[in-house]
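Q: Hi! I have a model open here and would like to talk it through with you. Could you take a look?

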Amino acid sequence: MDPSTDAPLETPCRLDPGAWFPEGNGGRRYVTARKWCQRCPVTTACLQAALDMESGLGRKERHGMWGGTTPRERAQMEGVEG
Ligand code: SF4
């Protein structure tokens, strides 16, 4: 599931995908996307899809906000350092 293309049509990330995949690093860039993810009807499924897709990857190999989490946060959930 790619939230920018595969999420249901009514999810916020379909309207402005750039906010979910900002240039550069840093959690502050995700503030707006996170607020919308918290109201999304598929937050839990989206996060699980990201964790499944990214399993085994390092932090820098993860991209975008999924299910209200940044790449760093998802890496930390899996115990990935860095
Ligand atoms: S939880 Fe966030 S990234 Fe996932 S589908 Fe919803 S708005 Fe998009």
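Q: Is Arg74 buried or exposed?
A: Arg74 is buried, because 23 other C-beta atoms lie within 10 Å. The cut-offs are 20 or more other C-beta atoms within 10 Å of its own for buried, 12 or fewer for exposed, and partly exposed in between, with C-beta atoms placed from the backbone. This is a predicted model, where local features need pLDDT of at least 70, side-chain atom pairs count only at pLDDT 80 or more, and totals for chains, interfaces and linings use all residues. Residues are numbered from 1 along each chain as its sequence is written.

Q: Thanks! Which residues does Arg74 touch?
A: Leaving out residues up to four places away in sequence, Arg74 touches Ala50, Leu51, Glu54, Arg62 and Thr69. Contact here has C-beta atoms, placed from the backbone, within 7 Å.

Q: Where does Arg74 sit?
A: Arg74 is in helix 3, residues 71–77. Helices are DSSP runs of H or I with at least four residues, strands are runs of E with at least two, and both are numbered from the N terminus.

Q: New topic: how many helices and strands does the chain have?
A: The chain has 3 helices and 0 strands.

Q: What about confidence, what is the mean pLDDT of the chain?
A: The mean is 86, and 83% of the residues reach 70 or more; pLDDT is the predictor's confidence in each residue, from 0 to 100.

Methods
Two residues are in contact if their C-beta atoms, placed from the backbone, lie within 7 Å.
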